[in-house]
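Welcome, and please have your viewer ready. We will go from one selection to the next and say what is there.

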Amino acid sequence: MSNKVDLNCDLGESFGRYQLGMDAQAMPLISSANVACGFHAADPVVMLQTVGLIEAAGIGIGAHPSFPDLQGFGRRNMSLSFEEAKATVLYQLGALDGFCRAKGIKMQHVKPHGALYNMAAKDYELSRAICEAIQEFDPSLIVMGLSGSETIRAAKDLGLKAAQEVFADRSYEPDGSLVARSKAGAFIHDEEEAVARVVRMVSERKVKAVNGEDIAIQADSICVHGDGEKALVFIEKIREGLQGAGIKISPLAEIIG
């Protein structure tokens, strides 16, 4: 049984006049934040403000790069060449790093967003492109990917640190992939069910798929989406459930080392 886990949330996803998420309220409750880098959400002002909030909160900061799909919030599949995918990620890492340097903090990890995350989970070449960008930019960064995914395999092949991620509010297919957002039952809406699933994923390394089958899973980090109407309730309940089970919430760098 693992006795510690990282709790992460996607933040900095507002844009211009449009506000998304409850970043300031979520930050004291999590241990790592994934910051949008301008390709699916955020703008330079939002990025600067978000990095400042993270610095003040003292939590781990990670880049959240996506496909260049601002209108679709990075959730539409795209077909990029190896070179395009690599350059797209590298560009976004550089953007966030500029704000981190200005605030005197260092990035901890990289977690792809949306369609890029889900496609890479099953596509080794796409994962390799992402991981090569990370390796060439800063090989000390931790790669965060879906538990048991091709992203994790590519990161390990390149000698990078890899953190396997699970989702508190999403359902799983029998192959370990996430149920598509377009399908019924893709989301867990009951916080008590979410808490029970999370505690089991961390302590037993198992989760029940949509077909009722138990599948193996590795939980280094738990993602709770910060833009849902119940996001803060979910985070608070999950924290309580983990702590009640004797599981410590720790920054990702402490878990992966």
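Buried means under 20% relative accessible area, exposed over 50%, and partly exposed in between, using a 1.4 Å probe and protein chains only. This is a predicted model, in which local features need pLDDT of at least 70 and side-chain atom pairs count only at pLDDT 80 or more, while totals for chains, interfaces and linings use all residues. Residues are numbered from 1 along each chain as its sequence is written, and side-chain values use heavy atoms, with hydrogens and water left out.

Select Phe15 to begin. Phe15 sits in the loop that links strand 1 (4–11) and helix 1 (23–26); helices (H or I, at least four residues) and strands (E, at least two) are DSSP runs, numbered from the N terminus. Phe15 is partly exposed because its relative accessibility is 37%.

Next, go to Asn34, in strand 2 (residues 32–36). Is Asn34 buried or exposed? Asn34 is buried, because its relative accessible area is 0%. Now show the residues around Asn34: beyond neighbours within four places in sequence, its contacts (heavy atoms within 4.5 Å) include Asn8, Cys9, His64, His109 and Met144.

Cys9 is buried, since its relative accessibility is 0%. The whole structure has zero disulfides, a disulfide being a pair of cysteine sulfur atoms within 2.5 Å. For Cys9, the nearest cysteine sulfur belongs to Cys223, 6.6 Å away. Finish at Cys37, whose nearest cysteine sulfur is that of Cys100, at 8.9 Å. Cys37 is buried, with 4% relative accessible area.
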